[in-house]
Amino acid sequence: MRGNHSQMFKIGCRALSRRYGTVSATQHIAPPSALQSALEATGPRNTWTREEIREIYDTPLMSLAFAAGTVHQRFHNPSSIQMCTLMNIKTGGCSEDCSYCAQSSRYKTGLKASKMVTVESVLEAARIAKDNGSTRFCMGAAWRDMRGRKTNLKNIKEMVNGVKGMGMEVCVTLGMIDLEQAKELKEAGLTAYNHNVDTSREFYPSVISTRTYDERLQTIQNVRDAGLNVCTGGILGLGEKKNDHVGLIHTVATLPAHPESFPVNTLVPIKGTPLGDNEPSPFDATLRTIAAARMVMPRTIIRLAAGRTTLSEEQQVLCFMAGANAVFTGEKMLTTDCNGWDEDRVIFEKWGLRPMQSFEVEALRELVSSSSPVSPVEKGAEIPAASVTV
Ligand code: SF4
């Protein structure tokens, strides 16, 4: 792929030179555009400026999607989509005021709060998810943070340990955590911790007032310092502008290390919340955000998350072509509806996709770093058979 691009670039230069004459030594040669720089990258970088990301984000959409597809093929197996199932292990009654959330106790959404579910019920749900093809199991609890939750933490560690024992990747989203709690979860076998930044730093205070953007970033740092994979992304359709999508991508693409997972949610408006009457976020914004994120975070798994039920099959496939490579699937996604396993099976079969194996991306990353920065896909190399079933 990269060879093709440089070949095309040379042909383009020859054509320009024929048309306009040879460029003289005194003339300046323009530096490569941000898009070109992303296209030619051999690995992730976290020095993106907001202007560069804006330039990429504003690329005509079809060109952006094609470029993102090129990067995606270089760094990932484009046929491989991670199937994750997300279970709510403690519903409602949350003290926070996230203005999109059905589980905040501040809004009258009709949702009944409940205590934490049992370890057995989680393991049973994980077993069902695994039997249906999910290889990553995520658990979410509706509360502000883990402070003073010793018994909860003990039970969650048992859940993590049990799910990991089934050979699945395990992720949790439990609000803010400190370094010690993150380390305990890592020891219990946790693969990744989700904590979204939601939107740009500037727009964030319009959405949540009970915790700051920097508190979110601190939890992400704690997760990273504990040696866990980071899952952090955003929500489109909160009333933000496109500049906030650029800001969101800029925040995560300039973290000390890129998150391993970047979920792109679109708001599912919930009656009773402050954003319950929001207009749906347009599809082109979803596609543009996915494609721009793929350009600047080439190795990250990009997750088509909440709101997928509103997308047609073809829209989902466009997202996969532009760099998305994970979905949530199952019966529910926290409190909202979710595309089911049967539906995904039909789409996968029709479009030549297959579920990603557990820890497949880790195996791919190791193979890449131990050989060369060029992807195994480009080199035609095989991913170890133990980690992939084609
Ligand atoms: S998003 Fe999480 S922290 Fe915010 S109100 Fe909902 S459950 Fe609470």
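This is a predicted model: local features need pLDDT of at least 70, side-chain atom pairs count only at pLDDT 80 or more; totals for chains, interfaces and linings use all residues.
Reader: Why is Cys171 called buried, and where in the structure does Cys171 lie?

Author: A residue is buried if 20 or more other C-beta atoms, placed from the backbone, lie within 10 Å of its own, exposed if 12 or fewer do, and partly exposed in between. Cys171 has 23 other C-beta atoms within 10 Å and is therefore buried. Cys171 belongs to strand S3 (residues 169–173), where a strand is a DSSP run of E with at least two residues, a helix is a run of H or I with at least four, and both are numbered from the N terminus.

Reader: How do you know which residues Cys171 is in contact with?

Author: Two residues are in contact if their C-beta atoms, placed from the backbone, lie within 7 Å. Leaving aside its neighbours within four places in sequence, Cys171 is in contact with Arg136, Cys138, Thr191, Ala192, Tyr193, Asn194 and Cys231. Cys138 and Cys231, both found among those contacts, also belong to the positions that UniProt lists.

Reader: And what makes Arg303 buried or exposed?

Author: Arg303, which is found in strand S8 (residues 301–304), has 24 other C-beta atoms within 10 Å, so Arg303 is buried. Apart from neighbours within four places in sequence, its contacts are Gly233, Ser261, Phe262, Pro263, Val264 and Ala326.

Reader: Which other residues does UniProt list for "binding site", and how do you know whether Cys94 and Cys98 are buried or exposed?

Author: The unreviewed entry also lists Cys94, Cys98 and Cys101. Cys94 is found in the loop between strand S1 (80–90) and helix H5 (119–131), and Cys98 lies in the loop between S1 and H5 as well. With 21 C-beta neighbours inside 10 Å, Cys94 counts as buried, and Cys98, with 24 other C-beta atoms within 10 Å, is buried too. Beyond four places in sequence, Cys94 is in contact with Gln103, Ser104, Ser105, Ala142, Trp143 and Arg144, whereas Cys98 is in contact with Ser104, Val207 and Ile208.

Reader: What surrounds the ligand, and how is that shell divided by class?

Author: The ligand is surrounded by Cys94, Glu96, Cys98, Cys101, Gln103, Ser104, Ala142 and Gly175, a residue being near a molecule or strand if its C-beta atom, placed from the backbone, lies within 6 Å of it. Ala, Val, Leu, Ile, Met, Phe, Trp, Tyr, Cys and Pro count as nonpolar, Asp, Glu, Lys and Arg as charged, and the others, Gly among them, as polar. On that basis the shell has four nonpolar, three polar and one charged residues.

Reader: What makes S1 largely enclosed, and which strands does S1 pair with?

Author: In S1, 11 of the 11 residues are buried, so the strand is largely enclosed by the rest of the structure. Two strands pair if DSSP finds at least two bridges between them. S1 pairs in the parallel sense with strand S12 (residues 354–355) over two bridges and with strand S9 (residues 326–328) over three bridges, while six bridges join S1 to strand S2 (residues 136–141), which runs parallel to S1. Ile81 stands opposite Pro355 in S12, Met83 stands opposite Val327 in S9, and the bridge partner of Cys84 in S2 is Arg136.

Reader: Why is the β-α-β unit of S1, H5 and S2 called right-handed?

Author: A crossover is right-handed if, with the strands pointing away from the viewer, the path from the first strand over the helix to the second runs clockwise. S1, H5 and S2 make a right-handed unit in this sense.

Reader: What is Phe359 called, buried, exposed or partly exposed?

Author: Phe359, in the loop between S12 and helix H13 (360–371), has 17 other C-beta atoms within 10 Å and is therefore partly exposed. Its phi is near 60 degrees, a positive value in a residue other than glycine.

Note on methods
Residues are numbered from 1 along each chain as its sequence is written. UniProt positions are given in the numbering used here, feature names are shortened, and annotations may be inferred rather than shown by experiment.
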